[in-house]
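Dear colleague,

Please find the structure handed over below. I would be grateful if you could look through it alongside the notes that come after it.

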Amino acid sequence: MKLGRLEPVRDRGTAWWADRSQREQRLLAVLAVIGLVALVLVAVVRPLQTARARAVADIRTYDMLAMRLRAAGPGLGAPARRGPPASVVAASAGATGVIVQRVEPEGGRLTVVLADAPFDAVLRFVADLERTSALRVSEARIEASTSGPGLVTARFVMAGG
C-alpha cells in the first residue's frame, strides 16, 4: 500500500509497536477499545439521550396544554350566549349574516329554518352556534336553492340550550 508522505510515520509506529512486549500490546489494545467505547458514548449516545429527554419533556408539556384546553371547553375565547334558545339563534344569525326564516320550538328541541342563504354563511352560523352556546345540531337538512348559485335552504333541529 502506497502512503506517500505518511510512510515514515507508519514505519515509526510499526517499529514502536514491535518494541512493546506482548503484554503491553494487549494492554494498549484494551486501552484503545475502552477509549473508542468512551468516544462513542460521549459523541453519540449522550447527545441522543439529551435530545430524547428534551423531546419527552416537550411531549409532556404539549399533553398538559391539550388537557387544559379540553378542560376549558369548546367555547374557549368565544363569548357564551345566554338566554332563550330563540334569542341565541337570532344573535348567532346576526353575527354570521344569515336570515332566519322560522324558529319553531318543539318540546325540548328547536327547529331553525334558513332560506336562500349562502352555503358558507350557513356553515359559519352552525359553527358559531355550537361554539358560543349549548345548542347542538341533532338533525340537519341542507338543499340547493333555486334562487341562485351558492344559495341553500337549510333546516336544523337543535337540542340543548
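The notes below go from the chain as a whole to its salt bridges and then to one strand residue.

This is a predicted model, in which local features need pLDDT of at least 70 and side-chain atom pairs count only at pLDDT 80 or more, while totals for chains, interfaces and linings use all residues. Residues are numbered from 1 along each chain as its sequence is written, and side-chain values use heavy atoms, with hydrogens and water left out.

Overall architecture

The chain contains four helices and four strands, arranged from the N terminus as α-α-α-β-β-α-β-β. Its radius of gyration is 37 Å, well over the 15 Å that the globule rule gives for 161 residues, so the chain is more spread out than a compact globule. Here the radius is taken over C-alpha atoms, and the rule is 2.2 Å times the number of residues to the power 0.38. Along the principal axes, the C-alpha atoms fill a box of roughly 105 × 35 × 20 Å. Helices (H or I, at least four residues) and strands (E, at least two) are DSSP runs, numbered from the N terminus.

Of the 161 residues, 18% are buried; buried means under 20% relative accessible area, exposed over 50%, and partly exposed in between (1.4 Å probe, protein chains only). The chain exposes about 11600 Å², of which carbon and sulfur atoms supply 62%, as computed by the Shrake-Rupley method with a 1.4 Å probe. Taking contacts (heavy atoms within 4.5 Å) between residues at least 6 apart in sequence, 51% join residues at least 24 apart.

Charges and salt bridges

There are 22 positive and 14 negative side chains in the chain, and the centres of the two sets lie 10 Å apart. Lys and Arg count as positive and Asp and Glu as negative, with His and the chain ends not counted; each charge is placed at NZ of Lys, CZ of Arg, CG of Asp or CD of Glu.

The structure holds seven salt bridges, each being a side-chain nitrogen of Lys or Arg within 4 Å of a carboxyl oxygen of Asp or Glu. One of them joins R81 to D128, with the closest N and O atoms 2.5 Å apart. This pair links distant parts of the chain, 47 residues apart: R81 is in the loop between α2 (22-72) and α3 (85-96), and D128 is in helix α4 (residues 119-132). R81 is partly exposed at a relative accessible area of 22%, whereas D128 is buried at 7%.

D128 also forms a salt bridge with R131 (3.2 Å, N to O). R131 and D128 both lie in helix α4, three residues apart, about one turn of the helix. R131 is partly exposed, with a relative accessible area of 41%.

E104 counts as partly exposed at 29% relative accessibility, and R102 counts as partly exposed at 41%.

Surroundings of A115

A115 lies in strand β2 (residues 109-118) and is partly exposed, at 27% relative accessibility. Leaving aside residues up to four places away in sequence, A115 touches I99, Q101, V152 and T153. A115 and S145 are 30 residues apart in sequence, with their C-alpha atoms 7.8 Å apart in space.

With kind regards
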